[in-house]
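This briefing goes through selected strands, helices and residues, grouped by topic. Please keep the sequence and the structure at hand while reading.

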Amino acid sequence: MTVSAPTSGGQFEVSDEGVLVRGSSTSVLILSVDGQYVWSLTPDRDGHSVAGGTMVPWPTVLTRFLNGSATVTITDYDGEVLFEEKVSLGTGEGAISIVDGSGHPLSVDKVGHLTRSFEATDESIRAEILEGTQRVLADLRDVVGVEAYLNYGALLGAIREGRMLGHDSDTDVCYLSKHTVPADIITESYAIERTMRERGWSILRMSGGDIKVLLPVSDGRKVHIDIFVAFYVPDKDGEPVFYQLGNRSGRLRREAIVPVSTINLHGYDFPAPAEPEEMLAFIYGPKWRTPDPSFKYADPPAGVRRLDGWLRGFRTDMGFWTEFHNTHGSELETKQSYFATQVAKQLPEDAKIVDLGSGAVGRDGRFFARKGHQVRSVDFSRAAVAAVRRRAERHQLPLVSDQLILGELRSTLTLGARLARDPHHLYARDLIGCLDKAARHQLWTLSKMALRPGGGKLYLEFAATGENLPEPKPEGLVRRVDPALVQAEIEAAGGVVEHLEIIDGRDMLEDPLPRVARMRASWPSLKSAEGN
């Protein structure tokens, strides 16, 4: 390969758009900025054909950092330098610095998240992570009583390289459940969560079969240790199919997992699958011994659908929303919307309100809180939930912030049960266009549970369908919805649409948006419905 500047017609060109690779390449490339590892890519897989070669766009999570100048280095996996030039991106002013708020270097991990890799982690911190993982596994096996083992990147690093993978960012452990019915598997997972909390661990629940241990380390961050369930479910012919969260599914012998073996990683012993090589081939494919820091999982679609339905609900856009809030949060208007001011006039002084789909700014929920209302702010994205929580605490507002996944029945029913005992009004601006049909029906279920007992109202504003209309922003994440369809769904769920108007309004980024629907609905009590 030829080493050359981007303007000299060589193999690589780095621009605001991404990395242009002249010709094609199936090789793994490592990209660094001022000597800091940032990103791994495989051009033919990650890019698209353009005049003169293959363009690999920058990952969305990186774009907010790419303003200034820096020396960009591209190497192959063995470290041979293929390109090294100082480039200017964006305005070209200042230096490009890809770090977190504390100045720690960040890189893109294998699932496209921006995180701190082990390569950028001090050896003493690495030891804390390994010791913490060892304690988690010991509690799972000795206290909880499940067959737990080290897996994924940590297992791969131990078997293939005898050390942690430099480009990995966390540790993953799994346990083999004895259950074959999803409801029993979820019940077991919640019991594990309770026991681990009693042991003093800080736990974040991700789904019905996946929890994270948040391990504090001495450099100030919290490292995630994922605890994934694994289990067998018979297929239609009675043959066992293996499922393991992290989206793996297929045929894997039980004898390849238990009884567990022992492996050593950086001097620490860990329980591992009985046949680690067989597990790694199942996860990463037959070429698992060949290093590929840009590896991306090819998850069986049928297995993913089953895992979604059994344990997770449907959260296809969650990563995109997190990226949007992290990248464009500063562009969002912080003053309350006009719709919020109109809804406030209709609310009793002591009304409690749920701001559904609050986003990272939570501007309307905070407006209601400033007006003296008790507010519960909920959103799909954990990043948005955390941002709203920080703002509320900073301004000492009567507002709590939680996650709600309307694509997940368990999440919907949990909030619905709370609101049935503690009636609130429901407010949702720009939410309807973010939901698919199944998630909208979950919203009507939530509304029925929350509003019937206390006679509250549901206030909606969303982009309405029509001819030759621009799509609301952010494009691809928000869509126009037919108001007649929304009304029909509400009525089919037992609700009543009390008010509907179509006006011109603004989208999520406060750009002018023609044809916006505003709707108020209620769910009469069963006694009222019977009386009518």
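Two strands are said to pair if DSSP finds at least two bridges between them. By that criterion, strand 20 (residues 352-356) and strand 21 pair in the parallel sense, over 5 bridges. The model is predicted.

- Strand 21 covers residues 374-379 and is mostly covered, with 5 of its 6 residues buried.
- On one side, Asp-355 has Ser-377 in strand 21 as its bridge partner.
- Strand 21 also pairs with strand 22 (residues 399-403), in the parallel sense and over 5 bridges.
- Ser-377 has a bridge partner in strand 22 as well, namely Ser-401.
- Strand 20, helix 9 (residues 363-370) and strand 21 form a right-handed β-α-β unit.
- A right-handed β-α-β unit is also made by strand 21, helix 10 (residues 382-395) and strand 22.

**Open sheet 4-3-7-8**

- Four strands in the order 4-3-7-8 make an open sheet with antiparallel pairing.
- Strand 4 (36-41) and strand 8 (81-89) are at the edges with a single partner strand each, so one side of each has no neighbour in the sheet.
- Direction ignored, neighbouring strands of this sheet are turned by 25 degrees against each other on average.
- Strand 3 (residues 29-33) runs antiparallel to strand 4 and is joined to it by 5 bridges.
- Val-33 has Gln-36 in strand 4 as its bridge partner.

**Open sheet 1-2-6-5**

- Another open sheet of 4 strands has the order 1-2-6-5, again with antiparallel pairing.
- Its edge strands are strand 1 (12-14) and strand 5 (48-50), each of which pairs on one side only.
- From one strand to the next, the twist averages 30 degrees.
- Strand 5 and strand 6 (residues 53-57) run antiparallel and are joined by 3 bridges.
- Opposite Ser-49 stands Thr-54 in strand 6.

**Helix 2**

- Helix 2 (residues 123-144) has 22 residues, which at 1.5 Å a residue should span 32 Å; the C-alpha atoms at its ends are 30 Å apart, in agreement with that expectation.
- Its buried residues include Ile-125, Ile-129, Thr-133, Val-136 and Leu-140.
- An α-helix has 3.6 residues a turn, so residues three or four places apart point the same way.
- Asp-139 is also among the buried residues of helix 2.
- Gly-145 follows helix 2 and has a positive phi, near 90 degrees.

**Glu-193**

- Which helix holds Glu-193? Glu-193 lies in helix 4 (residues 182-198).
- Glu-193 counts as buried because its relative accessibility is 10%, and the cut-off for buried is under 20%.
- Neighbours within four places in sequence aside, Glu-193 is in contact with Ile-203, Arg-205 and Ile-211.
- Lys-212 is 19 residues from Glu-193 along the chain, and their C-alpha atoms are separated by 9.4 Å.

**Cysteines**

- How many disulfides does a search of the whole structure find? The search finds 0 disulfides.
- Cys-174 counts as buried, at 0% relative accessibility.
- Cys-434 counts as buried too, at 17% relative accessibility.

Terms used. Residues numbered from 1 in each chain as written. Predicted model: local features only at pLDDT ≥ 70, side-chain atom pairs only at ≥ 80, totals over all residues. Heavy atoms only, no water. Helix = DSSP H or I, 4+ residues; strand = E, 2+ residues; numbered from the N terminus. Expected span 1.5 Å × (residues − 1). Buried < 20%, exposed > 50% of the residue type's maximum accessible area, 1.4 Å probe, protein only. Contact = heavy atoms within 4.5 Å. Axes fitted to C-alpha atoms, helices over the stretch in contact; angles between N-to-C directions. Right-handed = clockwise from strand over helix to strand, strands pointing away. Disulfide = S-S within 2.5 Å.
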